[in-house]
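Hello,

Here is the structure we talked about handing over. Please look through it first; my notes follow below.

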Amino acid sequence: RKAAEHIRECQKNLAGHSFYVGVQYYKSKHYKSALSRFRSVISEYPDVGYHQESLRYIALCEEALKGR
């Protein structure tokens, strides 16, 4: 039980880092890179708390890329 909690905490930290990097890419208008990061958060860490925000940023990135 303890090991599973530690693994979940590590996954949450990794997801948080990828999400943060994605946000920084988005802010600097590197939408393709941001999109890749947010998609990886969803696929690699689906249940750690970043899913909804990642989906929101995916939509924002796709919208920004349409305008290019």
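**How H1 packs**

The buried residues of H1 pack against H2 and H3. This is a predicted model, where local features need pLDDT of at least 70, side-chain atom pairs count only at pLDDT 80 or more, and totals for chains, interfaces and linings use all residues. Residues are numbered from 1 along each chain as its sequence is written, and side-chain values use heavy atoms, with hydrogens and water left out.

Some terms before the details. Buried means under 20% relative accessible area, exposed means over 50%, and partly exposed lies in between (1.4 Å probe, protein chains only). Contact means heavy atoms within 4.5 Å. Helices (H or I, at least four residues) and strands (E, at least two) are DSSP runs, numbered from the N terminus.

**Overall layout**

The protein chain has three helices and zero strands. Its pattern along the sequence is α-α-α. The C-alpha trace spans about 50 × 15 × 15 Å along its principal axes. Of the 68 residues, 29% count as buried. Take the contacts between residues at least 6 apart in sequence: 53% of them join residues at least 24 apart.

The accessible surface comes to about 4,900 Å². Carbon and sulfur atoms hold 52% of that surface. These areas come from the Shrake-Rupley method with a 1.4 Å probe; for residues, only the protein chains shown count as cover.

On charge, there are 12 positive and 7 negative side chains. The centres of the two sets lie 6 Å apart. Lys and Arg count as positive, Asp and Glu as negative; His and the chain ends are not counted. Each charge is placed at NZ of Lys, CZ of Arg, CG of Asp or CD of Glu.

**Helix H1**

The buried residues here are Ala 15, Gly 16, Ser 18, Phe 19, Val 21, Gly 22 and Val 23. The 26 residues of H1 should span 38 Å at 1.5 Å a residue. The end C-alpha atoms of H1 are 37 Å apart, which agrees. The expected span is 1.5 Å times one less than the number of residues in the helix.

Glu 9 also belongs to H1. Glu 9 is partly exposed, at 45% relative accessible area.

Lys 29 sits in the loop between H1 and H2. Lys 29 is not a glycine, yet its phi is positive, at about 65°. With a relative accessible area of 53%, Lys 29 is exposed.

**Helix H2**

H2 covers residues 31-44. Its 14 residues should span 20 Å, and its end C-alpha atoms are 20 Å apart, which agrees. Buried in H2 are Tyr 31, Ala 34, Leu 35, Phe 38, Ser 40, Val 41 and Ile 42. Their cover includes helix H1 (2-27) and helix H3 (51-66).

Ser 40 lies in H2. Why does Ser 40 count as buried? Because its relative accessibility is 15%. Leaving aside neighbours within four places in sequence, Ser 40 is in contact with Ser 18 and Tyr 45.

**The nonpolar core**

Which residues make up the largest nonpolar core? There are eleven: Phe 19, Val 23, Tyr 31, Ala 34, Leu 35, Phe 38, Val 41, Ile 42, Tyr 57, Ile 58 and Cys 61. H1, H2 and H3 are the elements that give two or more residues to this core. H2 supplies the largest share, six residues. A nonpolar core is a set of buried Ala, Val, Leu, Ile, Met, Phe, Trp, Tyr and Cys residues joined through side-chain atoms within 4.5 Å.

Val 23 is in contact with Phe 38 and Tyr 57, leaving aside its neighbours within four places in sequence.

Best wishes
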